[in-house]
Amino acid sequence: MVFPEYRPRRLRKNTAFRSLIRETRLDAAQLIYPLFVMPGKGKRLEIASMPGIFRLSVDLLAKEAKDCMALGVNHLLLFGLPEKKDAMGSGAHAKDGIVQRAIRELKNAVPEMMITTDVCLCEYTDHGHCGCLIDGQVDNDSTLEILTKVALSHAQAGADMVAPSDMMDGRVGEIRAALDENNFDQVPVMAYSAKYASAFYGPFREAADCAPQFGDRTSYQMDPANAREALREATLDVDEGADILMVKPAMAYLDIIKTLKDEFDLPIAAYHVSGEYAMIKAAAAKGWIDEERVMAESLLAIKRAGADIIITYYAKDMAKKLGS
Ligand code: PBG
């Protein structure tokens, strides 16, 4: 028996020792803050199910970006709410589309802010699916053509990285090829490799107005029951040229984060999604949990599981805590 020769509490006896042996630390430079951009001027609308998170019009983005920078958050993930939707999601690749305008505004005002864009059609289609429909089914290959246009239009507007979240087969390769052919070989692709068909996206669908008008997303997003399938998805994305592999949602999928971290040598990102944020907010509002501590513990757990990068609506609050 090792006890009492080895006593783990010796190294827990004060803050200095605990800090000395701490295995995982969060860093604001590895947090990405999602932003929702909406049409209009002077618009700042709070999302009911995501207290503290706002839809912002383009003219208010620069101030938001500066606030983020001041806290040490230097990377944004942009989602757009277009003025109009149509069956093919054509607003997603419009030259003067909402995200394209947002990128130009941000790059102009705060050039050092890194901008990743969501490449997907669900906010832009009138039926709310992430691809275009043929005979009522989300069609894979015709969607790819549109997605490459979206990614290219974002790169042309100045995006630093693109993140396809649609879960169509082959999209990473098609987007990589389109970027390369157009002199954007330096724009990385962050692949939503293991994106599960999750109920944790509920509040986001309100925020981005992108709930499917019929059916659900189970024919393209992954079954929450499957772990080995995540390896197949990630292998495809690596082969197609992905630069970063993402797991989404985060907390219910820590095993997947760990598996991808162990199996691949690319940086791993995890998306701490809207429902995960909303649950903490709701319980905290009732006084049932300590919001700040649950936030920090959640993000730490995601990092400990293997995420290098965390996309979270708590990015600013976490950065504030880290800096204080
Ligand atoms: C859609 C998209 C979704 C999220 C990011 N991109 C929703 C969905 O797939 O239905 C969810 C993000 C969140 O819940 O915070 N392309």
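A residue counts as buried when its relative accessible area is under 20%. The views below show a predicted model.

**View 1. Asp118 in strand 5.** Asp118 belongs to strand 5, residues 114-119. Its relative accessible area is 5%, so Asp118 is buried.

**View 2. Strand 9 and its partner.** Strand 9 covers residues 190-195, and six of the six are buried, so the strand is largely enclosed by the rest of the structure. Strand 9 pairs with strand 10 (residues 244-248) in the parallel sense, over five bridges. Within this pairing, Ala191 stands opposite Leu245 of strand 10.

**View 3. The salt bridge between Lys85 and Asp209.** The closest N and O atoms of Lys85 and Asp209 are 3.5 Å apart. The pair links distant parts of the chain, 124 residues apart: Lys85 is in the loop between strand 4 and helix 3, and Asp209 is in the loop between helix 6 and helix 7. Lys85 is partly exposed at 31% relative accessibility, and Asp209 is partly exposed at 44%.

**View 4. The salt bridge between Asp243 and Arg176.** Here the closest N and O atoms are 3.7 Å apart. Asp243 lies in the loop between helix 7 and strand 10 and Arg176 lies in helix 5, so the bridge ties together parts 67 residues apart in sequence. Arg176 is buried at 11% relative accessibility, whereas Asp243 is partly exposed at 31%.

**View 5. A patch of negative charge.** Asp141, Glu145, Asp169 and Glu174 gather on the surface in this patch. Asp169 is found in the loop between strand 8 and helix 5.

Terms used:
Residues numbered from 1 in each chain as written. Predicted model: local features only at pLDDT ≥ 70, side-chain atom pairs only at ≥ 80, totals over all residues. Heavy atoms only, no water. Patch = residues over 30% accessible without salt bridge, like charges linked within 9 Å, V, L, I, M, F, W, Y side chains within 5 Å. Areas by Shrake-Rupley, 256 points an atom, 1.4 Å probe, with all protein chains shown as cover. Salt bridge = Lys/Arg side-chain N within 4 Å of Asp/Glu carboxyl O. Lys, Arg positive; Asp, Glu negative; His and termini not counted. Charge placed at Lys NZ, Arg CZ, Asp CG, Glu CD. Helix = DSSP H or I, 4+ residues; strand = E, 2+ residues; numbered from the N terminus. Buried < 20%, exposed > 50% of the residue type's maximum accessible area, 1.4 Å probe, protein only. Pairing = 2+ DSSP bridges.
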